[in-house]
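Subject: Handover of a protein structure

Dear colleague,

Please find below the structure that I am passing on to you. My notes on what was found in it follow directly after.

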Amino acid sequence: MKASGAIAMCRSIKPLFNFDPPVTDDELRAASLQFVRKISGFTKPSKSNEAAFQNAVEEIAGVAARLMQSLETTAAPKNREEEAAKARARAQQRYGT
């Protein structure tokens, strides 16, 4: 896979580490769902693929939770609202909306 493909693939998945307040289980699951949707090509899987799809989301969410718990940093936690404002400003500049 080209590097540019990897960047485009995860564009809508946001960083979740080192925020105040910390990441929630719902945020981890939403990022996991987005990842599984992207790599499977399914927005909503067929009935025959639904169990495998949901199992993948849950497994990835579990791995992501363990990762978040094991990471360490000396940097001060980022403020969610400040980071969201920066992202809106970048989108405004990029898309003019």
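Leaving aside its neighbours within four places in sequence, which residues is Leu33 in contact with? They are Phe53 and Val57, where contact means heavy atoms within 4.5 Å.

Before going further, please note that this is a predicted model, in which local features need pLDDT of at least 70 and side-chain atom pairs count only at pLDDT 80 or more, while totals for chains, interfaces and linings use all residues. Residues are numbered from 1 along each chain as its sequence is written, and side-chain values use heavy atoms, with hydrogens and water left out.

The chain as a whole

The protein chain has four helices and two strands, and their order along the sequence is α-β-α-α-β-α. Here, helices (H or I, at least four residues) and strands (E, at least two) are DSSP runs, numbered from the N terminus. The chain has 97 residues, of which 16% count as buried. Buried means under 20% relative accessible area, exposed means over 50%, and partly exposed lies in between (1.4 Å probe, protein chains only). Of the contacts between residues at least 6 apart in sequence, 67% join residues at least 24 apart.

Helices H2 and H3

Helix H2 spans residues 25-40 and helix H3 spans residues 47-70; their axes come within 8 Å and cross at roughly 130 degrees. H2 is therefore oblique to H3. Axes are lines fitted to C-alpha atoms, for helices over the stretch in contact, and angles run from 0 to 180 degrees between N-to-C directions. Angles under 35 degrees count as roughly parallel, over 145 as roughly antiparallel, 65 to 115 as roughly perpendicular and the rest as oblique.

The residues that make the contact include Leu28, Ser32, Leu33 and Val36 of H2, together with Phe53, Val57, Glu58 and Ile60 of H3. By type, the residues of this contact divide into 12 nonpolar, three polar and three charged. Ala, Val, Leu, Ile, Met, Phe, Trp, Tyr, Cys and Pro count as nonpolar, Asp, Glu, Lys and Arg as charged, and the others, Gly among them, as polar.

Residues within this contact

Leu33 lies in helix H2 and counts as buried because its relative accessibility is 18%. Ser32 also has its place in helix H2, and Ser32 is buried, with a relative accessible area of 3%. Apart from neighbours within four places in sequence, Ser32 is in contact with Val57, Ile60 and Ala61.

Glu58 and Leu33 are 25 residues apart in sequence, yet their C-alpha atoms are 8.5 Å apart in space.

Two points in the backbone

Most residues other than glycine have a negative phi, and most peptide bonds are trans. Against that background, Asp20 and Pro21 are joined by a cis peptide bond, with omega of about 0 degrees. Pro21 lies in the loop between strand S1 (19-20) and H2. Asn18, a residue other than glycine, has a positive phi near 65 degrees. Asn18 is in the loop between helix H1 (3-9) and S1, and Asn18 is buried, with a relative accessible area of 16%.

Yours sincerely
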